[in-house]
Amino acid sequence: MAIFRSIAEILNRSFTLREALDGALRGIVELMSVQTGWIFLHEQESGQFRLAAHVNLPPVLAVASERRMVGDCRCIRMLREGQLREPINLVQCLRLEQALPQSPEAHRHASVPLIAQDETVGILNLLLPEGREFAQDELDMLASIGHEVAIAIQRARLFERVRDQEHVRRELLQRLLVTQEEERRRIAQDLHDHAGQMMTALIIQLAQLATRAEQVDGPMAGALQKLHTLAQQGLAE
């Protein structure tokens, strides 16, 4: 019960998929008194299964894991075809058959489908020592654990999706701010290059007209001087 609780705690407090699977798998291996286990996850985008976590993987599989632990096998095909809905004993591992053809006693594992809300998220395999077979109550316990693991996988994926969306949102916001700043600079440059030049030319002409008007028409010179002052204020603004 202590190990079972520790597995539940690991699943509940883990926010990353890797952390949840690594911690839970170590606890499951200890709980079931076996040495080796591994988890394949179903990739929603590609539809393929990939190795996501493992404990004490046999050397013949670990050394060449990129080749041995990819693609479908018996348990994955059973899962795809709907034949694996509950934990079962004694699946003859195709990967171990190919890697260790001279040791048929080392090919046996139990398989636990990881299903939550009718979604198949992966499969858990536990390598069985020679002569070992899980009793029905152990299979029932593995079914409960598998369901909890599947829920944790869904939760971690949702958290990662939300985190990715937040990252995208921040990137878009940053891009928007950069675009706004670039637009501000462009407008400022346009004002300086075009409107500013026109205002400067207007100020110069008003100053010249005001100077001439002082010689012939005092009131007109005062009005032009006011316009000159307004134009200077407009240029400053």
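**Pocket, salt bridges and cysteines**

Student: Which residues line the largest pocket?

Tutor: The largest pocket is lined by Leu17, Leu41, Glu43, Gln44, Glu45, Arg50, Arg157, Glu160 and Arg161, where a pocket is an open set of points on a 1 Å grid over the protein atoms alone, a 1.4 Å probe fitting at each point, with protein on both sides within 12 Å along at least five of seven lines, and lining residues have an atom within 4 Å of a point. This is a predicted model, in which local features need pLDDT of at least 70 and side-chain atom pairs count only at pLDDT 80 or more, while totals for chains, interfaces and linings use all residues. Residues are numbered from 1 along each chain as its sequence is written, and side-chain values use heavy atoms, with hydrogens and water left out. The names asked for are therefore Leu17, Leu41, Glu43, Gln44, Glu45, Arg50, Arg157, Glu160 and Arg161.

Student: Which element gives the most to this lining?

Tutor: Helices are DSSP runs of H or I with at least four residues, numbered from the N terminus. One of them covers residues 136-216, and with three residues the greatest contribution to the lining of the largest pocket comes from H7.

Student: What is the N to O distance between the side chains of Glu43 and Arg50?

Tutor: Side chains of opposite charge can pair when their charged atoms come close. A salt bridge here is a side-chain nitrogen of Lys or Arg within 4 Å of a carboxyl oxygen of Asp or Glu. Arg50 has a relative accessible area of 38% and is partly exposed, the class between buried (under 20%) and exposed (over 50%), with a 1.4 Å probe and protein chains only. Glu43 and Arg50 meet in such a bridge, with an N to O distance of 2.1 Å.

Student: How many disulfides are counted?

Tutor: A disulfide is a covalent bond between the sulfur atoms of two cysteines, and the rule used here asks for a pair of cysteine sulfur atoms within 2.5 Å. The closest cysteine sulfur to that of Cys73 lies in Cys75, 3.4 Å away and therefore too far for a bond. For Cys93, the closest is in Cys73, at 6.1 Å, which is also too far. The number of disulfides counted is zero.

Definitions and conventions. Helix = DSSP H or I, 4+ residues; strand = E, 2+ residues; numbered from the N terminus.
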